[in-house]
2 protein chains.
Amino acid sequence: MADYHQMWKDLGMDVDNHDVLCNVLPGAIGDVFLSQENRPEKMDYFDFVLAEVHGVRPAELVDFREKGGKVFGTFCAYVPDEVIFAAGGIATGLCAGSQFWVPGGEKYLPANTCPLIKAMLGARFDRTCPFYRLADVYIGETTCDGKKKAYEILGTDVPMHVMDLPQMKRDKDVKKWAEEIRELKALVEKETGNEVTPENLAENIKKINAKRSALKRLYDLRKEKNIPISGTDTLLISQIAYYDDPERFTQMVNTLCDELDQRVKDGVSVFPAGTKRILVTGTPMAIPNWKMHNLIETSGAAVVCEETCTGTRYFENNVDESGKTVDEMIDKIAERYMGINCACFTPNTGRFDDVVRLAKEYDVDGVIDVTLKFCQTYDIEGATLEKRLQEENIPVLRIETDYTDADAQQLKTRIEAFCEVIGE
Amino acid sequence: MADYHQMWKDLGMDVDNHDVLCNVLPGAIGDVFLSQENRPEKMDYFDFVLAEVHGVRPAELVDFREKGGKVFGTFCAYVPDEVIFAAGGIATGLCAGSQFWVPGGEKYLPANTCPLIKAMLGARFDRTCPFYRLADVYIGETTCDGKKKAYEILGTDVPMHVMDLPQMKRDKDVKKWAEEIRELKALVEKETGNEVTPENLAENIKKINAKRSALKRLYDLRKEKNIPISGTDTLLISQIAYYDDPERFTQMVNTLCDELDQRVKDGVSVFPAGTKRILVTGTPMAIPNWKMHNLIETSGAAVVCEETCTGTRYFENNVDESGKTVDEMIDKIAERYMGINCACFTPNTGRFDDVVRLAKEYDVDGVIDVTLKFCQTYDIEGATLEKRLQEENIPVLRIETDYTDADAQQLKTRIEAFCEVIGE
């Protein structure tokens, strides 16, 4: 691994504290990823990105910024990268999935806040994540009370632009979201000094559509009876999707899919025949949160689909490419993003329909609904989802957890018991 | 007290369980209200309303509905009663402030939900509150994640209309709120069969403005050096404001204020000279939640102002009466309600300004910021409010609590310690 200490120092990071995180990463990668059997060879790219997660891509962003480029940090699948890339900016994810950052966040937020939000603030204020140092502007959204109010605190330390996501999905709400996207466009134009044109926007709609299509291709391969890739590996890819250069990422996912196509032809599976197939739904799993997938897949089951923001919500449905003017394109972008079914909406029955549909498409034996502690929207909605799945005779296990390992053994016992009774 | 058991039975209530609540009420009223010294005589009306809180007003609503009237249940200071009354409907508050209803709500909601929201669902599903039985339609709003998602569950049992409150306060958001009020107008017109006209809307804008003005008059009297009424009594009045007939309520508050005017002239106070003056800010205190006021005022301090939804947020700023058409009037109504500074907005610096302004206007010695457990918006914002108050040299005590008495003694100790050091 290359030495990025000087870069981290130049970024104003707390390098000593950050080393603590760096030192545990190789072990975690070994335990969670490298210990898996018969992994696709083309995972090597994603393994490399992960091994140097705070190095390679940040170095590219440093380089980009040195040339005058602007980086926009995002926290949510609703923020349309298309507009940012069209103006010559780079969008990068800022969600935070490690317990390492949680105590830092608790200095600013009540303990009763979800770990993802606490980790966000910890990563920023503890200066232990290069991405948080590299984003010139943070783009927030009003998806939940915790994030909405936490952005106010982030805004004391970094330029913060918040998009007001409507809480319903009526026609006028889609129009309202289009207005918010127009405001985002104005912001990125101002920050980058570049105009968003019909040409560059059309090009970037295509680019991000291609990225989503590659992920769709990858996920479709998991529908096979012989599952050619683990859920743990796929989750990593979904997580990297938020950070990586979109064109390179698309290419790498498609290259991996070529290998997986061959596996399907050869009847190769990474799981023994008869392994129980699980759909995971619920709250996002930000990098490096692989806790649930690791627990499930070391309990003798396979995760074949994630109905999460680090899963189908991120890539399902492309932007309609028929728009001619920037305004038309933004309307189409708004329509696509408002099609995401997050628990922040009321009602959010579309998500229940999605989970039922995906459960059938991926031929799952059961659904595990994972909610991060203190995430009220998913937690409350979970009871209704459970009822709906019971009506459809789809077994469901509800889990509330955080980023610590304190509950790991107990969860493993529950998952094993669940997997034993389903799909019989 | 009259016997309302037949009415409660007719309303489909669980009368036996409800009796448990009725049986503790007289003791609570005695302990919290009647034990106070030198209360204004004209509190007798509010004492009467309280003593028969599930009888007198519900009986009026029963009568109103028998004549074909429609009752609209509301949960929030943002829902404009003006529109409901204009169409000949009656608006009634449905917030719930007793631990009695919490276990019932926990059957439907995660334990990590604020007690107010849990009590809402308990009151409905346990059938132990007549107001929840008498509302033909519930009007919700997207003010917080907990309520927003809980309304989905209420909606399985009762007609539910949710208004999408914008999360920011730009000009376009005020316009968006006006649109939501137009949808509310269409709903109440459909339900009542009555049209909202410039005449009846103007009349009801005046009526509700008069109610707010009466409350303003009452609160202004608390600015006096000799405080003519306790915070506990005033809180009760603010709570009853959500339930009572607006014209009668206005008249009764004004009658009380006449008595308080005389007290001011006579230099009469309900507190000994030198009693520390406290401003309470934070989450709403739904009836019968008098916990904090009772603790503060039995700790030797006086609550002189509430910057809460059961306080200044409810009555400050009247609707501009210059609108001529229904559309103009609705725009003015939207402007007035969007002036309320709830923690659901981002940013919500207006609230900090309000607290500082009110602290000066009411000449307080300190601020107690009270947040209901698991209320993320107020809890997260509380840290920023605290900083702002420290900058202004206004002492502040932050308290997180629920509806139980478990923490009462500990809170009393903290409040006494706080009151000892402030205003020296």
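Colleague: What do the side chains of A:Glu180 and B:Arg170 meet in?
Modeller: The side chains of A:Glu180 and B:Arg170 meet in a salt bridge, with an N to O distance of 2.9 Å; the term stands for a side-chain nitrogen of Lys or Arg within 4 Å of a carboxyl oxygen of Asp or Glu. Bear in mind that this is a predicted model, in which local features need pLDDT of at least 70 and side-chain atom pairs count only at pLDDT 80 or more, while totals for chains, interfaces and linings use all residues, and that side-chain values use heavy atoms, with hydrogens and water left out. Residues are numbered from 1 along each chain as its sequence is written, while chains are lettered from A and ligands numbered from 1 in the order in which they are written.

Colleague: How much area do the two chains bury between them?
Modeller: Chain B and chain A bury about 3400 Å², of which 51% is on carbon and sulfur atoms; buried area here is the accessible area, taken with a 1.4 Å probe, that two parts lose on being put together, summed over both. On the chain B side, B:Lys149, B:Gln376 and B:Ile380 supply 20% of the area buried against chain A, which is more than any other three residues do. The contact, meaning heavy atoms within 4.5 Å, takes 39 residues from chain B and 40 residues from chain A.

Colleague: New topic: at what angle do α12 and α13 of chain A cross?
Modeller: The axes of α12 (residues 231-241) and α13 (residues 246-266) of chain A cross at roughly 165° and come within 11 Å, where axes are lines fitted to C-alpha atoms, for helices over the stretch in contact, and angles run from 0 to 180 degrees between N-to-C directions. The two helices of chain A are therefore roughly antiparallel, a label for angles over 145 degrees.

Colleague: Which residues make that contact?
Modeller: From α12(A) they are A:Ile237, A:Ile240 and A:Ala241, and from α13(A) they are A:Phe249, A:Val253 and A:Leu256.

Colleague: And what about α12 and α13 in chain B, at what angle do they pack?
Modeller: Helices α12 (residues 231-241) and α13 (residues 246-266) of chain B pack at about 165°, with their axes 11 Å apart, and are therefore roughly antiparallel. Their contact is made by B:Ile237, B:Ile240 and B:Ala241 of α12(B) together with B:Phe249, B:Val253 and B:Leu256 of α13(B).

Colleague: What is phi of A:Asn393?
Modeller: Phi of A:Asn393 is near 60°, a positive value in a residue other than glycine, and A:Asn393 is placed in the loop between α18 (376-391) and β8 (396-401) of chain A. Most residues other than glycine have a negative phi, and most peptide bonds are trans.

How values were computed
Helices (H or I, at least four residues) and strands (E, at least two) are DSSP runs, numbered from the N terminus. Angles under 35 degrees count as roughly parallel, over 145 as roughly antiparallel, 65 to 115 as roughly perpendicular and the rest as oblique.
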